[in-house]
Amino acid sequence: MQEWFLKAKLGIFIHYGIYAVKGVSESWSFYHGSISYEDYMKQLEGFTASKFDADYWAELFKKSGARYSVLTSKHHDGVALFDTKANDLSVVKKSPAGKDILAAYIDAVRRAGLKVGVYYSLMDWSHPDYASVYPDGRVPEDLSSVNKFSSPTDGKQDEDAWQRFLEFDRAQLAEILGNYGKIDLLWFDGDWERGAQQWGLPELKNYLKSFNEDLIINNRFAGYGDYQTPEQGIPVNRPKGPWEFCTTINSSWGYQPRDNHYKSLRQIIHMFCDCLAMGGNLLLDIGPKEDGTIDPRQEAVLLGLGEWIRANEEAVYDSIAGISANYYGDGSVLSEDGTVLYLFVHNRPEEAVCVKGLKNRVKRATVLHSGKELRWDVHGGAPWNGIPGILWIYMNREDCGEYTTVIRLELTDKVCLYDGAGAAITNN
Ligand code: GLC
């Protein structure tokens, strides 16, 4: 995995598309019939991007502390935000916006020094050749459950149509990777409706990497991706290998003005710390309005997160996964050499926080954002018998910041943990 991705820690996801015109859910609204396909597509007429300012976006992302961003170049609805020559279904050709949103976004993000990520839906519920075959080519017994946007409803597969569709996807991907300079990350979605062989894997992957051998691809690629993408539910166990947790700020990926179910900044920072503690990235989503402006509540979260990161930077970009919650409940990260443990404190303690099972000796404990030194001591244990005591670090509400506070715990050597279930002490 590329070093930049492992150290990036925060990315901004942007679901921008015609669904913001009526504020309906991206693509899924017509797929599930809460709006007709025709009415959904009429949103093209209202998509103006009239206040879209890519530099403003990029600056905002930068201020949030993100090191990369990922824009939906085409969602499952098939509407491209870029000037595709592979068909006519783009906001460039079919909406008053009339411009290549992807081009402006890529330029601005790159200029701001962020890595460039592009989301692309492999499946395309608008393309006439898409609904031509079934997942893995298997005709389902019960055809009544088949959605007409995904597969044929009559049980007949059309392999030629599917081949044409693959060529179309490939042509669009060649445009994205070939026409806009170096793309650092391709974020696929919607692979689940076909199998790896149907998507032409692994050949397709080799083809994509031929544009840029450092290209990172997420795992929604029928088993051929580079990292995992748990979504909306934060993992309880640490995923294997590199990973990124994607989530919304309210409950919607795209702009839905009726969705007021917002997470607070405190909750977002808590989730971000949970990702850091398990060695993952957070890909935090915003859903801009059709004119390209961003809901102030979403903007405030990005800015607040950035402030928190700047005050606690040492525990962010260069950190690695911390010790497990059995030892310290709120989560932690470690310095790369393992000699500094950064403990997250989400709520304000009355007296102290404790770390269990730590075999190391402590050099110093400080509050990361203020530098204030904290008193600590160890109770219990029998280190001569290999059983560590409990480390208590004394702090109270006055020592805390407004959001998650980080304790910087310097150890005399590389972190070393007890992993037993306790024992009698045979030599006192
Ligand atoms: C999903 C959805 C989608 C969203 C995406 C983001 O699986 O299909 O609407 O864009 O994940 O992770």
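User: Which residues have the most contacts inside the largest nonpolar core?

Analyst: In soluble globular proteins, nonpolar side chains tend to be buried together. A nonpolar core here is a set of buried Ala, Val, Leu, Ile, Met, Phe, Trp, Tyr and Cys residues joined through side-chain atoms within 4.5 Å, where buried means under 20% relative accessible area, exposed over 50% and partly exposed in between, with a 1.4 Å probe and protein chains only. The largest such core has 98 residues, and Tyr16, Leu208 and Leu284 have the most contacts inside it. Helix H10 (residues 265-277) gives the most to this core, nine residues, and the core draws at least three residues from each of domain 1 (3-311) and domain 2 (319-411). Apart from it lies another core of 21 residues, including Leu343, Val353, Leu358 and Cys400.

This is a predicted model, in which local features need pLDDT of at least 70 and side-chain atom pairs count only at pLDDT 80 or more, while totals for chains, interfaces and linings use all residues. Residues are numbered from 1 along each chain as its sequence is written, and side-chain values use heavy atoms, with hydrogens and water left out.

User: With which residues is leucine 208 in contact, leaving aside its neighbours within four places in sequence?

Analyst: Contact means heavy atoms within 4.5 Å. With those sequence neighbours set aside, leucine 208 touches Leu173, Leu177, Leu186, Phe188, Leu215, Ile217 and Phe221.

User: In what order do the seven strands of the open sheet lie?

Analyst: Helices (H or I, at least four residues) and strands (E, at least two) are DSSP runs numbered from the N terminus, and two strands pair if DSSP finds at least two bridges between them. In this model the order is S5-S4-S3-S2-S1-S7-S6, with parallel pairing. Strand S5 (216-217) and strand S6 (244-248) stand at the edges with a single partner strand each, so one side of each has no neighbour in the sheet.

User: How is strand S1 placed, and which way do its residues point?

Analyst: In a regular strand the side chains alternate between the two faces of the sheet. In S1, Leu10, Ile12 and Ile14 point one way and Gly11 and Phe13 the other way, and all are buried. Because five of the five residues of S1 are buried, the strand is largely enclosed by the rest of the structure. Strand S1 (residues 10-14) is joined to S2 by four bridges in the parallel sense, with isoleucine 12 opposite serine 69 and isoleucine 14 opposite leucine 71. Five bridges pair S1 with S7, also in parallel, and there phenylalanine 13 has aspartate 285 as its bridge partner.

User: Which strands does helix H10 lie across?

Analyst: Axes are lines fitted to C-alpha atoms, for helices over the stretch in contact, and angles run from 0 to 180 degrees between N-to-C directions. Helix H10 lies across S1, S6 and S7, running at about 145° to S7.

User: What kind of unit do S3, helix H8 and S4 make?

Analyst: A crossover is right-handed if, with the strands pointing away from the viewer, the path from the first strand over the helix to the second runs clockwise. S3, helix H8 (residues 159-178) and S4 make a right-handed β-α-β unit. Five bridges pair S3 with strand S4 (residues 185-189) in the parallel sense, and tyrosine 120 stands opposite phenylalanine 188.

User: How far apart do the C-alpha centres of domain 1 and domain 2 lie?

Analyst: Domain bounds come from an automatic or database domain assignment. The two centres lie 39 Å apart, and 15 residues of domain 1 are in contact with 15 residues of domain 2.
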